[in-house]
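Let me put a structure up on the screen, and then we can walk through it together.

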Amino acid sequence: MSQTFILNGIETPFTPGQMILDAARNGGAEIPTLCYLKGAAPTGACRICCVEVKGARSLMAACSTPVTAGMEVTTNSELVHRARKMNVEFLLASGKHNCLMCEANGNCRLQDLAYFYKITKLQFREKDEKDIYPTEDQNPFIVRDFSRCILCGRCVQACNEVVVNRAISQGYRGAESKIVTGGDSPYNESECVFCGQCVEVCPVGALTEKKAKGLGRPWETQKIRTTCPYCGVGCQQWLHVKDGKIAKVTAVEDAQPNQGRLCVKGRFAYDFIYSEERLKTPLIREVDGAFREASWDEALDLVASKFKSIISEHGPDAIAGVSCARSINEDSYQMQKLFRAVIGTNNIDHCART
Amino acid sequence: MTNSFADFIKAKLILMIGTNMSEAHPVASTFVKDAVLGGAQLIVVDPRRTDMVDFAQMHVQIKVGSDVALINGIMNVLIEENLYDKKYVESCTVGFEDLKKKVMEYPPERAAEISGVSADTIRTLARRLASVKPAMLMYTLGITEHICGVNNVMSCANLQMLLGNVGFECGGVNPLRGQNNVQGACDMGALPNVFPGYQRVDNADARAKFAKAWNVKSLPDKPGMMMPTMMENLTTGKVKAFYVFGENLANTEPDIHHVEHCLQSAEFLVCQDIFPTETTRFAHVILPAAAWSENDGTFTSSERRVNRVRTASVPPGQAKPNWWIFREIAKRMGHQWASNSAKEIWDQEVSVLAPSMAGIKYRRLEGDGIQWPAPTEEHCGTPTLHKDGKFTCGLGVLKPIDWIPPAEVPDKEYPLVLSTGRRLYHYHTRTQTGRSRGINDLLGEETADISAADARKLGVADGEMIAVKSRRGEVKVKARVTQQVPEGLVWMAFHFRDACANWLTNPVYDPITQTAEYKACAVRIDRLT
Ligand code: SF4
Ligand code: SF4
Ligand code: SF4
Ligand code: FES
């Protein structure tokens with residue numbers, strides 16, 4: 001028998017050790033979060049997940065309060081909503097949250113909450129421009145816009161507890177608070193390895209992909225799941241595509257094997273396919289050594305006829321080929337089939353060795 | 001890999017040999033680091049102080065190319081001190097007596113002499129390995145890229161079987177594959193001795209089966225040439241035509257001068273690629289191919305997981321999917337192939353012909369993919385091979401193995417060892433990462449990594465241009481003085497053409513797999529001023 005607690009008046013099961021957040025979600029009650037990061041120790045930093053617990057003196061953070069048997073939890077009372085709304089109002093005033101100009105517009109948890117609570121004007125005095133740290137974007141991939149940072153700490157947790165690159169931490173105190181690299185140096189002079197996990201988890205527009213700037217709003221892009229073309233881990237990616245062009249790449253959450261993680265190559269090295277240097281037409285070498293453009297028919301006819309004449313003069317084993325360990329299975333299958341069934345040789349290999 | 005990436009984070013003891021995981025397989029390394037934060041032990045065996053050493057309880061700084069001696073030494077202690085898994089060895093393996101006889105020739109003191117790891121450390125290491133069960137062994141090219149690569153691999157397997165660690169979650173022998181689809185290219189039979197699904201070409205039944213499926217009278221029964229032999233035979237004239245699909249051999253193969261001579265000798269060279277490369281310079285015909293994300297298909301990862309790859313963009317100009325190009329050539333040589341998409345090729349041919357993949361169909365690959373073997377459409381895949389020590393081919397074979405030194409060892413003229421590998425920001429010859437905006441800003445040039453001790457001896461300053469010379473060639477490159485590299489070792493990658501390590505590397509190969517010895521050759525460093 002599992003134990004139970006009272007969730008919004010209804011007896012609900014939970015597993016011992018479970019936080020209110022998870023038990024309530026299992027019980028069908030949604031609780032908003034900002035700082036909570038799955039797989040990392042809860043920090044209780046943002047308080048947006050606050051709920052009423054009967055007998056407690058103040059509202060409790062659902063992400064970091066364990067459920068106990070018989071506990072009476074209310075997630076949707078007037079009191080809870082008032083507190084959350086005020087929290088959002090504070091956060092909106094903590095920087096410059098001008099959504100119109102934000103890369104995260106349409107994909108921002110703070111914007112979602114402001115909308116949910118029907119907030120139309122600022123209740124508190126907005127932080128002064130001069131009190132906001134300048135945007136850090138000296139590196140090629142990551143933009144850190146301090147005017148939008150709500151100091152939830154998720155990026156720090158992702159960097160230290162998930163991917164364990166230990167490149168960033170909470171620096172300074174109070175109103176001076178800031179997420180910093182070691183020595184508060186620019187990212188490209190720090191321990192950062194540009195895995196972009198911090199960007200992946202930032203709930204607002206404080207951390208964004210530099211290369212994706214202006215390439216498409218969330219509602220304009222289509223998400224296509226695919227597999228990373230680099231190493232043999234096989235990380236699962238979302239390609240965010242607008243008009244047949246990849247705007248950015250993110251990780252597929254909860255997917256095997258990467259569980260929402262990517263490295264610098266998988267996340268940022270995708271745009272080689274749009275290079276102007278791509279081969280765009282078949283090329284045939286002239287007697288003088290220069291290449292000239294050719295049609296597919298001409299090039300393929302040349303290959304086929306040359307192969308046929310070599311086979312008839314020297315036998316099929318005078319032809320050899322190497323397949324590509326980067327391309328899809330179906331390509332390798334076709335190539336070995338061409339060599340074995342059509343040319344008639346087993347001289348087919350690939351660079352299994354590099 | 002016998003096991004899965006999902007095991008990494010749950011493992012209790014991880015032994016890494018010859019793998020620079022945080023640079024070559026970064027996401028996999030994050031799970032190892034998570035395991036360590038959760039209390040797992042990590043042991044790193046590597047000549048270099050790689051980044052993973054920061055997380056390790058033990059860094060076993062072995063001399064380049066001494067793996068077999070070290071592992072024999074460990075096994076010697078396991079047997080001498082009765083620490084090995086007797087029950088497992090008796091019920092799941094054969095060959096123990098022969099193995100024992102061999103490793104008795106490698107007491108820790110002798111292993112220490114060869115490997116540079118002290119006898120005490122070898123004993124501690126053996127005891128530690130025996131103290132936790134199961135332990136997970138991971139390796140990469142530091143094991144395979146030697147003339148004794150196969151022996152190194154078998155030594156890893158010996159060790160794990162002796163410890164009773166093969167066939168269990170969080171155990172096993174786990175080579176992380178370098179390229180995204182190296183596993184798949186092997187599975188598909190892009191190898192000279194096997195059809196798709198590892199069915200041997202010298203087996204008459206397999207030939208009959210494939211001949212029928214492919215609608216041909218017969219198929220060649222003699223295993224073909226491996227790549228180094230093909231290239232060599234371009235110069236002897238035995239091979240007239242060479243078809244290179246997507247490989248930049250002129251940079252990736254050892255001894256570039258010689259490789260280019262081979263490519264130059266081809267009577268007819270066909271290159272099929274997405275970019276002009278150093279290799280396509282030698283081509284007679286270049287065929288433009290569609291790239292990743294420009295066609296549908298599948299990759300198979302290191303954990304034998306078949307994953308979908310999907311289309312996001314259209315190929316530029318007239319570039320075409322590779323499978324289409326092969327099909328068109330077949331047609332022009334008198335063969336009509338029915339399958340006309342990657343999906344049809346997989347569903348109608350690959351999965352029908354390869355029993356271990358029979359249960360894998362495109363419609364089953366919408367989510368996380370499936371790990372072969374998956375013999376039926378009801379089978380949900382196989383995360384762990386040789387479950388509970390029951391080996392797919394009967395009993396696990398323990399093989400006695402002797403240590404041999406690398407083919408070229410330092411001498412008076414070339415007093416340093418050169419070892420090569422990859423760096424985080426680039427991939428192989430940079431045809432792709434070099435053309436992805438921003439990556440070159442993070443790493444824009446090659447360096448020769450050397451120790452402070454050698455830098456002092458040679459009078460070389462950090463960042464100074466130096467010449468690194470071997471019997472094959474010479475490169476001018478910046479010296480990078482780093483703690484990562486021990487005295488006597490020079491470490492380089494092959495990402496940049498001008499200072500590519502393969503101008504220097506030694507074209508000698510493992511006799512069975514023909515894997516080149518990228519990890520060891522002899523070089524000297526000269527100052528330029
Ligand atoms: S990119 Fe990766 S390493 Fe750099 S700060 Fe973000 S999480 Fe840390
Ligand atoms: S940058 Fe984003 S994730 Fe990091 S503390 Fe600020 S808001 Fe949170
Ligand atoms: S994202 Fe990085 S670790 Fe993952 S498959 Fe791609 S290259 Fe490998
Ligand atoms: S989500 Fe619970 S305190 Fe932030």
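Let's start with the domains of chain B: the centres of domain 1 and domain 2 of chain B, taken over C-alpha atoms, are 34 Å apart. Keep in mind that this is a predicted model. Domain 1 of chain B covers 5-176, domain 2 runs over 182-377, and domain 3 takes in 416-527.

How does the radius of gyration of chain B sit with that of a compact globule? For 529 residues the globule would come out near 24 Å, and chain B has 24 Å, so the two agree. The C-alpha trace of chain B spans about 65 × 65 × 45 Å along its principal axes. Chain B holds 18 helices and 23 strands, and 66% of its 529 residues count as buried. Among contacts in chain B with a separation of 6 or more, 67% join residues 24 or more positions apart.

Now over to chain A. Here a compact globule of 354 residues would have a radius of gyration near 20 Å, but chain A has 28 Å. Its C-alpha atoms fill a box of roughly 95 × 60 × 35 Å along the principal axes. You'll find eight helices and 16 strands in chain A, with 57% of its residues counted as buried.

Note on methods. Residues are numbered from 1 along each chain as its sequence is written. Chains are lettered from A and ligands numbered from 1 in the order in which they are written. This is a predicted model: local features need pLDDT of at least 70, side-chain atom pairs count only at pLDDT 80 or more; totals for chains, interfaces and linings use all residues. Side-chain values use heavy atoms; hydrogens and water are left out. Domain bounds come from an automatic or database domain assignment. Helices (H or I, at least four residues) and strands (E, at least two) are DSSP runs, numbered from the N terminus. The radius of gyration is taken over C-alpha atoms; the globule rule is 2.2 Å times the number of residues to the power 0.38. Buried means under 20% relative accessible area, exposed over 50%, partly exposed in between (1.4 Å probe, protein chains only). Contact means heavy atoms within 4.5 Å.
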